[in-house]
Amino acid sequence: MNVGDDLNFYIFPELLGDLLDNRSDSADVFLGIGSLLTKKRFKKLEDVKQIVIFSSGAWDSNWPTLTDNCNVLGVRGYRTAEKLGLPQSKAIGDGAYLLSSFEYPKAKCKGKIGFIPHQSSERYVDWKNICAEVGLTFITPKQPANDFFIQLQECEYVVTEAMHGAIIADALRIPWVPVSFAPDFCAEKWYDFAEYMDLSISIKKLTFINEKDIPISKSIENLFRKISANLFNLSDKKKNAPLTFFKSGPDKRATLCLELKHCVTTYLSSDEKLRETVKKQQEILEQFIKDKKQ
């Protein structure tokens, strides 16, 4: 479970109804929210009649070549458009911004400061424990969307390593601080969405620590990923795969805690840009529905 991915099932069934399908054996496949434009995914979809792309992103060096069966309604940002050889006008923002036009559960209180790790970072440290130590509220992205929305709204602002933690916060008008923790953090995705929203962001790098018993097989796997990625110039994510043969000491934990206490530079897109983005996305989907029903 990951709230960023789950937004596809929260937003699009309501807007598209039975026009939506994401099965690889379907005649038409809809790719929505997320960094879904990868070579691996397109290899699986090469036999479908039509791939409908709406607000999806490309990242790292893993983007596909668009084929004749692609119907590009729009992509996440200018960087994705450039990678795919599309005009800049095809950038429409992240589809998660449509959330701002939905009815969703509202929180009854406010005043907290939240921290949202990337879901994969939870395998290295007990974030709930660290957050309690530094006065932050731990918000896992691995929970149902409605619960995530409520926790988010209880915050004055959130510190987030999860990109869709930032995007959802932005859509709900909650300021956010972008941070990186894991060595294989991908900043390119962040710049893709942020630049479209007219934001020039600086991502604060946190000290990486590992306090959990990671299977030795996983550490060896990451080592070989790093070696092969550097030898064959593969993706940056593989090149930066974290090595966790040993646990981190208390000094590094203390450094991480201190860094978290000083995450105070927040971002928030303008109300005008949010309205413009949502309106554009809604108009594109309305036209898509009309075309499909003709």
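**Figure 1. Overview of the predicted model.** The protein folds into 11 helices and 8 strands, where helices (H or I, at least four residues) and strands (E, at least two) are DSSP runs numbered from the N terminus. This is a predicted model, in which local features need pLDDT of at least 70 and side-chain atom pairs count only at pLDDT 80 or more, while totals for chains, interfaces and linings use all residues. Residues are numbered from 1 along each chain as its sequence is written, and side-chain values use heavy atoms, with hydrogens and water left out. Of the 294 residues, 52% are buried; here buried means under 20% relative accessible area, exposed over 50%, and partly exposed in between (1.4 Å probe, protein chains only).

Figure 2. Let's start with the helix at residues 3–16. Buried residues of H1 include Val 3, Leu 7, Ile 11 and Phe 12. Seen down the helix axis, the buried residues of H1 fall within an arc of 165°, so they line one face; the arc is that of the directions from the axis to the C-beta atoms. They pack against strand E1 (28–31), E2, H5, H6 and H11. On the other side of H1, look for the exposed Phe 9 and Glu 14. Just after the helix, Gly 17 has a positive phi of about 55°.

**Figure 3. The largest nonpolar core.** A nonpolar core is a set of buried Ala, Val, Leu, Ile, Met, Phe, Trp, Tyr and Cys residues joined through side-chain atoms within 4.5 Å. The largest one has 52 residues, and those touching the most other members include Phe 12, Trp 176, Trp 190 and Phe 193. Among the elements that give two or more residues to this core are H1, strand E2 (50–56), helix H5 (145–153) and helix H11 (271–293). Apart from it lies another core of 22 residues, among them Trp 127, Ile 130, Phe 208 and Cys 257.

**Figure 4. Glu 161 in its loop.** Find Glu 161 between strand E6 (155–160) and helix H6 (163–171). Glu 161 is buried, with a relative accessible area of 2%. Its side chain makes a polar contact of 2.7 Å with the side chain of Ser 121. A polar contact is a pair of N or O atoms within 3.5 Å; within protein, one must be able to donate a hydrogen and the other to accept it, and residues adjacent in sequence count only if both atoms are side-chain atoms. Leaving aside residues up to four places away in sequence, Glu 161 also touches residues including His 118, Phe 181 and Trp 190, contact meaning heavy atoms within 4.5 Å.

**Figure 5. Arg 76 between E3 and H3.** Arg 76 sits in the loop between strand E3 (70–75) and helix H3 (78–83). Arg 76 is buried, with a relative accessible area of 0%. The side chains of Arg 76 and Ser 35 are joined by a polar contact of 3.0 Å. Beyond its neighbours within four places in sequence, Phe 193 is in contact with residues including Arg 76, Tyr 97 and Met 163.
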